[in-house]
Amino acid sequence: MHVLGISCYYHDSAACLIKDGLIIAAAEEERFTRKKHDTSFPIKAIEYCLKEAGITVKELNHVAFYEKPLVKFERLINQHIEMFPRSFPMFFQAMPNWLSEKLRLPAVIRKKLKYKKSVFYIEHHMTHAASSFLVSPFKEAAILTVDGIGEWDSTTLGYGKENDIRIIKRLKFPHSLGLLYSTVTAFLGFSVNNSEYKVMGLAPYGKPNYYEEFKKIIDIKEDGSYALNMDYFVFHYKKTMPSKKFEELFGPARTKESLLTQRHKDIAASLQKITEEVMFKMLNHLHKITGSDNLCIAGGVALNSVANGKIKANTPFKEIFINPAAGDAGGSMGAALYAYNTILGNSRKQEFNSPYLGPGFSNNYIQAFLEKNEIIHYRFKSDEELIKKTAELIFKNNVIGWFQGRMEWGPRALGSRSILSNACNTQMKDILNAKVKHREMFRPFAPVISEEDALDWFEMDKKDEPFMLFVYPIKEEKRKLIPAVTHVDGSGRLQTINKTQNSRYYGVIKEFEKYSGIPILINTSFNIRGEPIVCTPYEAYKCMMGTGIDYLIMGDFLIKREDNPQHLWDSESLASD
Amino acid sequence: MGIWSDLKELFEPITSKIEWFGKQIQKVVNCILLLIVYFTGVAFTSISAKIMGKKFLDLNPDRSSSYWIEEETITKPREEYKRMF
């Protein structure tokens, strides 16, 4: 049985195909269209999923969508009625799209997919819950979902057992922790639904001096429930988010690309403190009402890896699982799984053990690409040679574009579409930020470490964290050894890797350790700022030639940037969010 | 078929301009319709609601107790999921 899950029309459109309960393929639309956070119907992602499964639309048994469109429309109309006449510009802008496409989803699916059977429409937060619980290692678990907004819900508490999920409590629009975080993101001059993680990265540079101000704009109960003071927000009737009163409280909003001051850093720190306070109180309440020591989290706020890393220290939960695509893209996976397991009553077949669910390219394909474009390259004769050479290049402080296997699922690069470099080099962070990624200098880089060594380097209680969803303190005596991945507060958002998960990637780390004595590399996403992570060999090559990446290791091939001057170009002018 | 595609090519500059014009007219009509809907339907509902004291968004929930809404979602019969609501 083939079930296709779809998410689209808000941000991060994606598709996921499961066969008999096993995930065959999943990918975000942005990787194919090259439009970051693409919102459009994910036709290219769907085409990829079908191709990977070797089927056509005719073989699809069910399609599942990640929300109830009419319920969402009801909420929007309620907003306009409540906020009349101030909501007119938003009404004028949003309605044409709703009337032409979003409300006609069955017709859109029939036309674009040529799929004529019925579609399952599943509540948004239920798809979030499913995306985490139904592929978790738990037979039963407490489930927290927190995002900007679904139909009406912004936060839910639930419980899952076997293949069933029950949502028990909820908070509704406009009271949303995700929208609070996005409001501050906008206030600090960053782009919403794109740069919230930058605010998280900025927070350690500040102190929570605005904590009391935040307590004026969000009322938090001991059970973790909260309500926003809507005098400080305008997102319920305008495209902008903070109100004038918000600026009176926190000072003027920062314009994009302008200098970040201590005030901005303190605001970020205060926001992070408030977010953690809400999360921990909610989680403690969730533990109390469910009695489960297992926790699944989903929704965009589940990508707050700093908060995630503190959950066990601040709540009774013992085990945590989060889908790497915890945001709206993951809704497509949750929809497909919920349809198969819960609606259709099938038992769960799979734990999520590999994020490599996107397109891969064979060595023949890569070779044909290189030869057609007259790109000077070298082909490794063995895995050992590839691993040894890559590790040597990294040790010599080269920046490596690493393009291997199937593309990752979710917003993080996890060793398939990564840029790798030397974590021991004090200059490397600045080199990467300035010459390769063209991004803000405050942003840290993340470490990848061999799994067996993780406990020696990080203050954590379990050695495997393969999806880069948790930030932990680096052991104090080790921080000076890996300056390029140690954030200003001594923490790192790590990925652990073992040989079974990704043998070449693991091999490079262990080989690097022979040179340096340190089993850690910088792992950052293979893209320039403002672009989605690369998907194809062409995009990988183009990214290298437009940045300071020295070598590209693509399949069995090595390509040196300097050997191909005819293809050089400068990406810096295009790098923007 | 050859003559047909030749004719299409010949008239393409005109047909593309007509199509463009049609899209502009559509935008104008959409604008007018949206204005009418907003300033009649939405306005009427909003004003009536304000007179009757009905709220469509809970902007100021009761602060004296928990904000959690105890509303369960459990697995429903299959047919319920085929609806967009």
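**A hairpin in chain A, and beyond**

Tutor: Start with one pair of residues: Gly160(A) stands opposite Ile165(A) in S8(A). This is a predicted model. Now widen the view to the strands. S7 of chain A covers residues 153-161, and S8 of chain A covers residues 164-172. The two strands pair in the antiparallel sense, over 8 bridges. Their hairpin has 2 residues between the strands. Look at Glu162(A) in this hairpin: its phi is positive, near 55 degrees.

Next, a helix pair in chain A. Helix H6 spans residues 124-133, and helix H14 spans residues 329-343. They pack with their axes 7 Å apart, at an angle of about 85 degrees. That angle makes H6(A) roughly perpendicular to H14(A), because 65 to 115 degrees counts as such. Which residues meet? H6(A) brings His124(A), Met126(A), Thr127(A), His128(A), Ala130(A) and Ser131(A). H14(A) brings Gly330(A), Gly331(A), Met333(A), Gly334(A), Ala335(A), Leu337(A) and Tyr338(A). By class, this contact of H6(A) with H14(A) has 6 nonpolar and 7 polar residues. It has no charged residues.

Finally, turn to chain B. Chain B has 1 helix and 0 strands. Its radius of gyration is 26 Å, whereas a compact globule of 85 residues would have one near 12 Å. The C-alpha atoms of chain B fill a box of roughly 75 × 40 × 20 Å along the principal axes. Of the 85 residues of chain B, 6% count as buried.

Key: Residues are numbered from 1 along each chain as its sequence is written. Chains are lettered from A and ligands numbered from 1 in the order in which they are written. This is a predicted model: local features need pLDDT of at least 70, side-chain atom pairs count only at pLDDT 80 or more; totals for chains, interfaces and linings use all residues. Two strands pair if DSSP finds at least two bridges between them. Helices (H or I, at least four residues) and strands (E, at least two) are DSSP runs, numbered from the N terminus. The radius of gyration is taken over C-alpha atoms; the globule rule is 2.2 Å times the number of residues to the power 0.38. A residue is buried if 20 or more other C-beta atoms lie within 10 Å of its own, exposed if 12 or fewer, and partly exposed in between; C-beta atoms are placed from the backbone. Axes are lines fitted to C-alpha atoms, for helices over the stretch in contact, and angles run from 0 to 180 degrees between N-to-C directions. Angles under 35 degrees count as roughly parallel, over 145 as roughly antiparallel, 65 to 115 as roughly perpendicular and the rest as oblique. Two residues are in contact if their C-beta atoms, placed from the backbone, lie within 7 Å. Ala, Val, Leu, Ile, Met, Phe, Trp, Tyr, Cys and Pro count as nonpolar, Asp, Glu, Lys and Arg as charged, and the others, Gly among them, as polar.
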